[in-house]
Amino acid sequence: MERARSHWPLYALLFAGLIFRLFLWKRTGVYLYGDMLRYDAMAQNVILHGYLGLGRGPSAFVTPLYPLFIAFLYKLSMLLHGGHLLAQTRLVHETFLAQQLLSLVTLALTYYIGTALANRYVGFAAGALSLLYLPNSFIGMLLLTEALFMPALFATVAAFVRAQLTGRGVMWYAASGALLGITTLVRPTVLPLWAVFLFLMWWQRMSARKRGEDLPFWRPAIWMTAALVAVMLPWWVRNFIDFHKFIPLSTEAGNPLLAGAIPYFRVNVNTLIQASRALHETQQTYAIHYILSGLSHHFFYYMGWFLFGKIPYLLWQPYLYDYLPAFVLFHQICVIVGAVAALALIAKPLTRIVVFTSLYLLIVQLGFLPLTRYGYPVVALWLILIPAAVSYAWDRLAKERKT
């Protein structure tokens with residue numbers, strides 16, 4: 001009973017989040033465009049034709065978990081309605097409801113991570129910021145990977161935070177590896193977080209040695225890696241059987257790489273796609289040649305684009321709700337304060353897990369097409385760091401006053 005009472009702020013946040021999400025679901029219709037049409041078609045191919053692909057046969061154009069997740073929700077909706085395939089609008093709207101409920105997991109994990117980094121006050125403040133940050137309450141209303149990627153990413157970070165808290169156990173490291181595999185199968189760019197986590201484990205071990213402690217490294221590292229490989233293995237085997245070659249992630253990387261290779265979008269990407277076809281090159285190969293040519297002839301111009309020029313496109317405007325001036329201001333304040341908090345907490349135990357994860361997500365997108373959609377997870381993680389930085393600053397001031 002006491003344990004349940006101690007977490008009443010979490011229950012209050014979840015209740016408020018549930019009411020707001022259901023309100024949005026009830027008031028928002030179904031409108032599919034762009035990538036959403038692709039995921040809808042892939043899910044229907046899984047249900048009706050038994051293969052994972054966009055066209056008339058299987059493909060590995062995208063990693064499989066989100067299309068399979070949508071197919072599962074479609075199938076569940078069909079079973080609840082007598083086994084018949086519903087009209088697309090109703091089918092997708094019911095899927096949106098499931099995604100809205102799933103987005104509450106991100107809210108709960110935000111509270112947990114903030115509490116683990118500092119205390120329940122920080123957890124509640126992080127959860128409140130997450131609740132007020134409107135895209136968190138709306139991503140369930142889109143047929144896009146964010147609906148599954150966000151809870152999977154936050155679960156991965158939460159498991160690794162828990163592993164670093166316990167220090168010596170291996171099960172939480174294995175859980176973080178398995179969850180990282182799940183997150184990778186939703187969005188492949190997160191796979192190198194495995195190396196980031198190994199670096200953080202080594203850092204923790206070196207810090208412990210300075211205090212005279214000896215923390216294990218190789219055993220938890222092997223468990224984490226084995227769990228990651230175990231989750232990824234079915235995808236690798238399927239690709240080898242279907243396409244007779246090793247496809248570790250997906251085959252779509254060329255298009256966002258090419259679209260992100262054009263400094264400040266001075267050239268239409270369709271022009272470059274046509275040029276790649278004329279040269280009989282894949283978009284990925286042509287993008288690499290285009291970038292190398294740009295660096296050799298206009299080095300500082302291209303380096304500026306890849307190092308700094310994409311950051312405003314990723315972070316300065318919010319993903320969704322950019323038509324509300326008050327929310328745009330709130331988002332920009334969160335970006336500025338969150339970036340300062342990330343730099344301030346980069347060497348702090350535990351908080352550096354969130355810091356390095358967010359910075360990696362930002363850095364990796366500098367190589368691809370910069371959209372606010374891809375900057376959104378970075379801001380969502382910074383919402384945890386803001387109250388954590390305030391808590392650390394307050395504790396430091398309190399100690400200085402005592403001395």
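Reader: Which ring does the charged end of Arg 187 sit over?

Author: A charge sits over a ring if NZ of Lys or CZ of Arg is within 6 Å of the ring centre and within 35 degrees of the ring normal. In this predicted model, the charged end of Arg 187 is placed over the ring of Phe 149, 4.4 Å from its centre. Arg 352 likewise lies over the face of Trp 203, 4.2 Å from the ring centre. The model is predicted, so local features need pLDDT of at least 70 and side-chain atom pairs pLDDT 80 or more, while totals for chains, interfaces and linings use all residues. Residues are numbered from 1 along each chain as its sequence is written, and side-chain values use heavy atoms, without hydrogens and water.

Reader: How many aromatic pairs are there?

Author: Rings of Phe, Tyr and Trp (its six-membered ring) pair if their centres lie within 6.5 Å; planes under 30 degrees apart are stacked, over 60 edge-to-face, and the rest tilted. The count by this rule is 27 aromatic pairs. Among them is the tilted pair of Phe 199 and Trp 203, at 5.8 Å centre to centre and 55° between the planes.

Reader: Why are Phe 199 and Trp 203 separated by about one helical turn?

Author: Helices (H or I, at least four residues) and strands (E, at least two) are DSSP runs, numbered from the N terminus. Phe 199 and Trp 203 have this separation because they are four residues apart in helix 10 (residues 193–210).

Reader: Is Trp 305 buried or exposed?

Author: Buried means under 20% relative accessible area, exposed over 50%, partly exposed in between (1.4 Å probe, protein chains only). Trp 305 is buried, because its relative accessible area is 0%.
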